[in-house]
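Subject: Structure for you to look at

Dear colleague,

Please find below the structure I promised to hand over, with the sequence alongside it. My notes on what was found follow directly after, and I would be glad if you read them with the model open.

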Amino acid sequence: MRKVILGLMMLPTMAQAQSLEECQQAAERNYPLIQQYGLIEKTTELTVANIQKGWLPQVSASAQATYQSDVMAWPDEMKGMLGQMGLNFEGLKKDQYRVGIDVQQTVFDGGAIRSQKEIARLQGNVQTAQNEVNLYNVRKRVNEMYFGVLLINEQMKLNGDLQELLAANEKKLASMLKGGTAAESDYQNVKAERLKVVQQATGLEAQCSALQRMLSAFCGIEVKQIVRPPLTPSVGGGNARPELRAIDAQLRLADAQEKALDAALMPKLGVFAQGYYGYPGYNMFEDMLSHKFSWNGMIGARLTWNMGALYTRKNDKAKIQLQRDMAETNRDVFLFNNNLEQIQQNENIQRYKKLMADDEEIISLRSSIRKAAESKLSHGIIDVNDLVKEINNENAAKVQQTVHEIEMLKEIYDLKYTTNN
């Protein structure tokens, strides 16, 4: 029953423990850069919506007033003949006015609008991929703090064991002091050593608390406890870093930009309607007589084919190919450097494995020497300084083993970060 009660009491504490992946996910959600995803998506939607409006009728209004040096008029001979008939044809006035509206509707654009929308979407994808690259770096920073906390936690456990060991020897020396088989300085020496270890524990606790607060602030959650990640994480093959996806997005954008060059060469077909109120109108002969404002209108279809895109097409395609070459070069450079990192990390992992192979034996030997020193002290063969030295040597071996274990674990997860697998 007592075990059940203790288990229930431990549940809240256990529930608060955070794994490495949970901290990484929380940090990515908490990092301000996460807001960029929504901003990029909204910007892309607005850009595509604006481009789509290219299919709507384009309406423009205009007003103008002009004064001309000369206007259309009857020849003098014609005016003389008409004058003899009692008709007065003065011709058009030199001051002319019009207020009008022009409406144009695209019917066929050769795929230009479709190409522009595709480019806008792919530009959004490039920005999203680059944002993913920047956000991915958050995991590296979480790793540094997480394994820092983990290492200090292990050191604190060893510190507690060392305190217990020194306390046991301190108690033994206290008994020997009462029995007259130990000097008071021996007792004080061990006690001073224990108090020094207690001070070290205080420093470790402060470091751990500071790192936990930093990790909590970075993740946006309260990280009170962490759990040691498994020694063999699930790792897939290949390289799935977001930098490679960003380069792929840039190449797809280059392909879309090249297709847009073909659309720019296609003819454009549209219909239009024009109307204005002013003077003169389309009926020039009547306006020569009446000089009145009138309503005028025109509808029609227009086919245009701009050959100017041919002038720059070769250079434009060359520029796009250069963009591709730069992207491929960036991929090669990234993979080259990434491969070097993997080699270094794999070498470090193997080095730690070799070091750890001897750690257990070193600790076993140091423990035997320490126990022998305790026995020798009881029989007065050595002094307490020799015992303290062997206790510290045993603790140093245990600390070294812990450092090797945590550093190897960190290298394994740094390798996982390097390949994103």
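The expected span of a helix is taken as 1.5 Å times one less than its number of residues, and helices here are DSSP runs of H or I with at least four residues, strands being runs of E with at least two, both numbered from the N terminus. Please bear in mind that this is a predicted model, in which local features need pLDDT of at least 70 and side-chain atom pairs count only at pLDDT 80 or more, while totals for chains, interfaces and linings use all residues. Residues are numbered from 1 along each chain as its sequence is written, and side-chain values use heavy atoms, with hydrogens and water left out.

With that in place, helix 5 (residues 112-179) has 68 residues and reaches 101 Å from its first C-alpha to its last, close to the 100 Å expected at 1.5 Å a residue. After helix 5 comes G180, with a positive phi near 80°. For helix 6, the end C-alpha atoms are 52 Å apart, which agrees with the 52 Å that its 36 residues should span at 1.5 Å a residue; G220, with a positive phi near 75°, follows helix 6.

Two helix pairs deserve a look, and for both the axes are lines fitted to C-alpha atoms over the stretch in contact, with angles running from 0 to 180 degrees between N-to-C directions. Angles under 35 degrees count as roughly parallel, over 145 as roughly antiparallel, 65 to 115 as roughly perpendicular and the rest as oblique. A crossing is called left-handed if the near helix is turned anticlockwise from the far one by less than a right angle, and right-handed if clockwise.

The axes of helix 2 (residues 20-30) and helix 5 are 9 Å apart and the two pack at an angle of about 135°, so this pair is oblique, and their crossing is right-handed. Contact, meaning heavy atoms within 4.5 Å, is made by residues including L20, C23 and A27 of helix 2 and L135, V138 and Y146 of helix 5. By class, this contact has eight nonpolar, two polar and two charged residues, where Ala, Val, Leu, Ile, Met, Phe, Trp, Tyr, Cys and Pro count as nonpolar, Asp, Glu, Lys and Arg as charged, and the others, Gly among them, as polar.

Helix 9 (residues 309-378) and helix 10 (residues 384-419) have axes that come within 7 Å and cross at roughly 160°, and they are therefore roughly antiparallel. The crossing is left-handed, and the contact has 16 nonpolar, 12 polar and 14 charged residues. M356 lies in helix 9 and touches H404, E405 and M408, leaving aside residues up to four places away in sequence. M356 counts as partly exposed because its relative accessibility is 24% (buried is under 20% relative accessible area, exposed over 50%, partly exposed in between, with a 1.4 Å probe and protein chains only).

V223, by contrast, is buried at 3% relative accessibility, and sits in the loop between helix 6 (184-219) and strand 4 (225-226). Beyond residues up to four places away in sequence, V223 touches Q18, C23, Q212, L215 and S216.

Finally, two backbone details: the peptide bond from Y279 to P280 is cis, with omega near 0°, and N420, in the segment after helix 10, has a positive phi near 55° although it is not a glycine.
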